[in-house]
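Here is a short briefing to read alongside the model.

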Amino acid sequence: MPNQFADSPTGPAAGVTVAVPAKINLGLAVGPLRPDGFHQLRTLFHAVELCDRVTASASDDLQLQLDGGESGGLSGDAGNLAWRAAALLAEHASRPATVRLSVSKQIPVAAGLAGGSADAAATLLACDRLWQLGLPATELDQLAGRLGSDVAFALHGRSAIGTGRGEQLTDLTDAAQFHWVLAAAAGGLATPAVYAELDRQRAGGDVSAAQLDFEALIAAVRSGDPERLAPLLANDLQPAALALAPELNRTLVAGRELGALAGLVSGSGPTCAFLAADAGQAAGLAAGLQASGSCRFARAVLGGVAGATVLDPGAPKATEGVARGRAAISS
Ligand code: C5P
């Protein structure tokens, strides 16, 4: 891989900033609990343009700072997944983990949007550039898979099928984009607690698996037709999330009453995602949900956007090179 920063006055020493999107799951089928404590999954990931930013810059040791509207309650220490990502990459490259990470958080924490996983993915990419390692995308994917089930998808973005525990990805390179509204909840849900609740419900015979037609779902995502996609959205974790946070029922009802084509809990929740016909309807739906008082905030977002992307220090918008290069490798 060419070193794009060589001899540049705005090279790695000045810092590398990566923008990284949140994800929602358009379909999430949860299989049995595996001996390693994870559940076998089949999911259709979809990247949405609610983004965190991670800047990696030169330092004598490993430091992590958090800011942004959604950073409250997070610790900037070795327990943070971004910290662990930098440490893992350094170990893999047999070099010291000398980096100052600055994470600007817009993705709510413990929200079913894989915000922590996104920060870890962005850290892998930013440190790879800062340290001029030039690791191939497949190697970054492997490291991502060791950090968490959703980290690899945050590198890929767009739409992808996840299997295994979620980390084995097949990119849907011809997937379309869709308009969504994300309704953030007042509190968070711990992912392990939601999976444990699903196991409890299943053991008691309380729930049956959501009817998930993956082939139809994939065809709908490729078609770009939101009316076709709407009836196919399904999430096996939704009954468990609703049992732990029953107030989400009110959010889901409000979204449907305001004209959403469909609504579902995102991943393990508690964020709800609503599908809109177009950008105009999404903007109106977000305003209506916000006014309804049934969520902490509601935001219209485009779905099917690029994964972790290095920002050009001279340009206000993300360069597309990283994402395109990755799509070419993985397709
Ligand atoms: O991989 P990640 O760190 O995101 O997983 C967090 C937790 O969610 C796991 O410890 C496990 O309790 C649960 N999980 C699961 N099956 C998966 C993914 C996550 O049970 N496929």
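Accessible areas come from the Shrake-Rupley method with a 1.4 Å probe, and for residues only the protein chains shown count as cover. On that basis the protein exposes about 13,400 Å², with carbon and sulfur atoms supplying 51% of it. Please keep in mind that this is a predicted model, where local features need pLDDT of at least 70, side-chain atom pairs count only at pLDDT 80 or more, and totals for chains, interfaces and linings use all residues. Residues are numbered from 1 along each chain as its sequence is written, and side-chain values use heavy atoms, leaving out hydrogens and water.

**Overall build**
- The protein has 11 helices and 12 strands, taken as DSSP runs (H or I, at least four residues, for helices; E, at least two, for strands) and numbered from the N terminus.
- Roughly 55 × 45 × 40 Å is the box that the C-alpha atoms fill along the principal axes.
- Of the 331 residues, 52% are buried, meaning under 20% relative accessible area with a 1.4 Å probe, protein chains only.

- You will find K23 in strand β1, which spans residues 16–33.
- K23 is buried yet has no salt bridge (a side-chain nitrogen of Lys or Arg within 4 Å of a carboxyl oxygen of Asp or Glu).
- The nearest side chain of opposite charge to K23 is D150, 4.4 Å away; Lys and Arg count as positive and Asp and Glu as negative, while His and the chain ends are not counted.
- The K23 side chain reaches the backbone oxygen of G112 at 3.2 Å.

Terms used
Buried < 20%, exposed > 50% of the residue type's maximum accessible area, 1.4 Å probe, protein only. Polar contact = N/O pair within 3.5 Å; in protein donor to acceptor, adjacent residues only side chain to side chain.
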